[in-house]
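This report looks at how two chains meet. Please keep the sequence and the structure in view while reading.

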Amino acid sequence: MSITVSNISKSYKSVKALENIYFNVKEGELFGLIGPDGAGKTTLFRILTTLLIANEGSATVAGFDVVSDYKKIRNNVGYMPGKFSLYQDLTIEENLNFFATIFGTTIKENYELIKDIYVQIEPFKDRRAGKLSGGMKQKLALCCALIHKPKVLFLDEPTTGVDPVSRKEFWDMLKRLQQKGITILVSTPYMDEAALCDRVALIQDGKILQVDAPNAIVKHYSKQIYNISAHNMYLLINALKSYKYNHSVYPFGEFVHYTDQRADFNPENLKVYLESKKLSQIVIKNTEPTIEDTFMELAK
Amino acid sequence: MSDNKVIQVEKLTKMFGNFTAVNAISFEVEKGEIFGFLGANGAGKTTAMKMLIGISNPTSGKANVAGFDVFTRAEDIKKNIGYMSQKFALYDDLTVKENITFFGGIYGLSRTKIKEKSAVLVEELGLEAVANKLVGALPLGWKQKLSFSVALLHNPKIVFLDEPTGGVDPITRRQFWEMIYKAANHGTTVFVTTHYMDEAEYCDRVSIMVNGKIEALGTPRKLKEQFKVDNMNDVFLKLARG
């Protein structure tokens with residue numbers, strides 16, 4: 001195992017940030033920690049990268065205990081925090097050199113590992129980090145986290161605030177790094193990114209909701225979900241919410257995802273009900289659950 | 001201007017020196033519509049929106065927002081729109097009620113009106129228990145719901161939302177969209193700028209900006225058909241990558 005987390009709990013004064021967190025990440029795995037802001041993702045990252053000590057539980061990274069062997073962990077992991085934390089007044093090249101030197105290596109020695117990413121920002125290597133665009137900053141931060149050839153890479157919300165094109169590029173880069181044998185733990189608030197991971201842990205309010213492969217998580221969803229649309233979304237939501245047999249009603253883009261309490265549910269009855277509520281252009285169709293549906297069902 | 005078009009934009013352009021940030025964009029938004037304004041980082045969304053809300057002068061073109069010309073009536077525009085940014089939020093060191101009173105005052109509501117609105121709003125949002133607590137202590141999702149309501153305090157014709165639900169948990173996020181649907185259903189136009197494509201799926205119509213131009217405009221369903229993909233993220237990728 002590359003990362004083991006057993007029953008980790010952490011409180012800040014009266015706030016429980018993490019409660020009995022457990023999961024393992026296999027060597028070479030791309031593992032996602034999926035949850036909204038405030039779920040406890042960053043606290044967990046700080047514990048695993050030895051920057052914070054848990055109140056309870058234990059964890060190992062690359063075979064080392066996060067408390068007793070913290071110095072060894074620091075040499076073996078790369079950490080890209082959610083907040084850009086490179087030196088804004090150093091250039092791209094100076095930042096990279098700085099991090100290489102700290103870890104007692106050189107850019108040249110590990111160039112192979114960062115090459116794919118670095119060539120994209122190398123034309124601007126004399127530009128100060130503070131003057132870079134979001135996408136470029138992110139690539140530089142990733143290079144700096146990789147320059148000492150870590151065994152495990154921690155990426156805390158690398159794609160937050162990044163547009164879809166840069167997001168796609170970033171995930172492509174992660175896949176290539178994974179192929180080079182690096183274990184990756186990545187956190188994200190975007191449910192759709194779960195599908196890009198080998199396995200994920202869904203986390204909310206400091207608690208793990210589920211740990212599994214993304215396609216398995218979706219399979220655990222037991223109810224049939226219906227995509228419903230009508231001429232007016234607001235009236236449709238209100239009507240469904242006041243339907244006494246509803247189990248869940250969630251807007252989902254151009255549709256509402258609806259589940260019913262009854263095992264013998266017949267969509268035709270619902271249609272009749274909606275018509276009685278003066279809705280028109282009603283369409284009710286079966287649909288497949290997504291990670292987000294599962295997340296909401298578990299968090300309910 | 002016809003009653004139904006609350007935003008009319010024609011060949012609106014903004015140059016910074018030789019750089020054309022917004023390149024002759026044209027579109028219209030109707031009363032009560034939820035309009036998604038999409039684009040990659042640096043595509044010109046923010047510059048375009050600043051012109052629409054009356055805080056940046058266009059270089060050329062025409063725009064009429066909430067019945068007022070952006071060139072000559074910027075101050076009137078500001079009084080008739082609401083604005084909510086993900087970053088701005090509210091004053092963390094004021095209580096829920098104090099924030100409402102403060103923003104109500106800024107928008108020129110009378111004391112009695114503020115009191116009345118404040119009571120309704122606190123009740124609707126289910127914030128009774130925390131009405132006298134500092135906003136800083138509220139969870140992110142509550143803050144965002146509150147700041148949306150505050151942006152609607154003065155019954156604006158249009159409310160501009162900048163990436164309203166990024167990072168919010170999926171359940172709260174849907175409660176937020178229900179609030180948006182409700183506002184739109186009551187005739188408020190909702191203008192959402194975002195680069196989260198799943199937010200785009202909730203809009204009645206969306207426009208996508210690439211390098212200063214609007215390269216696509218339509219309902220999410222039409223755009224998905226047009227680009228032969230099954231989600232807005234793929235529409236965006238196809239457009240932005242050419």
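Which residues in α10(A) and α6(B) meet?

## Basis

This is a predicted model, in which local features need pLDDT of at least 70 and side-chain atom pairs pLDDT 80 or more, while totals for chains, interfaces and linings use all residues. Residues are numbered from 1 along each chain as written, chains are lettered from A in the order in which they are written, and side-chain values use heavy atoms, without hydrogens and water.

## Helix α10(A) on α6(B)

In α10(A), Glu292(A), Phe295(A), Met296(A) and Ala299(A) meet Pro170(B), Ile171(B), Arg173(B) and Arg174(B) of α6(B) (contact means heavy atoms within 4.5 Å). By class, 5 of these residues are nonpolar, none polar and 3 charged.

The axes of α10(A), residues 291–299, and α6(B) come within 9 Å and cross at roughly 100 degrees. That makes the two helices roughly perpendicular (65 to 115 degrees).

## Helix α8(A) on α6(B)

Helix α8 of chain A, residues 233–241, packs against α6 of chain B, residues 170–185, at about 125 degrees, with the axes 8 Å apart. Among the residues of α8(A) in this contact are Met233(A) and Tyr234(A), and among those of α6(B) are Tyr181(B) and Asn185(B).

Lys241(A) forms a salt bridge with Glu178(B), the closest N and O atoms being 2.8 Å apart (a salt bridge is a side-chain nitrogen of Lys or Arg within 4 Å of a carboxyl oxygen of Asp or Glu).

## The whole interface

In total, 27 residues of chain B are in contact with 31 residues of chain A. The rule finds 5 salt bridges across this interface.

Key. Axes fitted to C-alpha atoms, helices over the stretch in contact; angles between N-to-C directions. Helix = DSSP H or I, 4+ residues; strand = E, 2+ residues; numbered from the N terminus. Parallel < 35°, antiparallel > 145°, perpendicular 65-115°, else oblique. Nonpolar A, V, L, I, M, F, W, Y, C, P; charged D, E, K, R; others polar.
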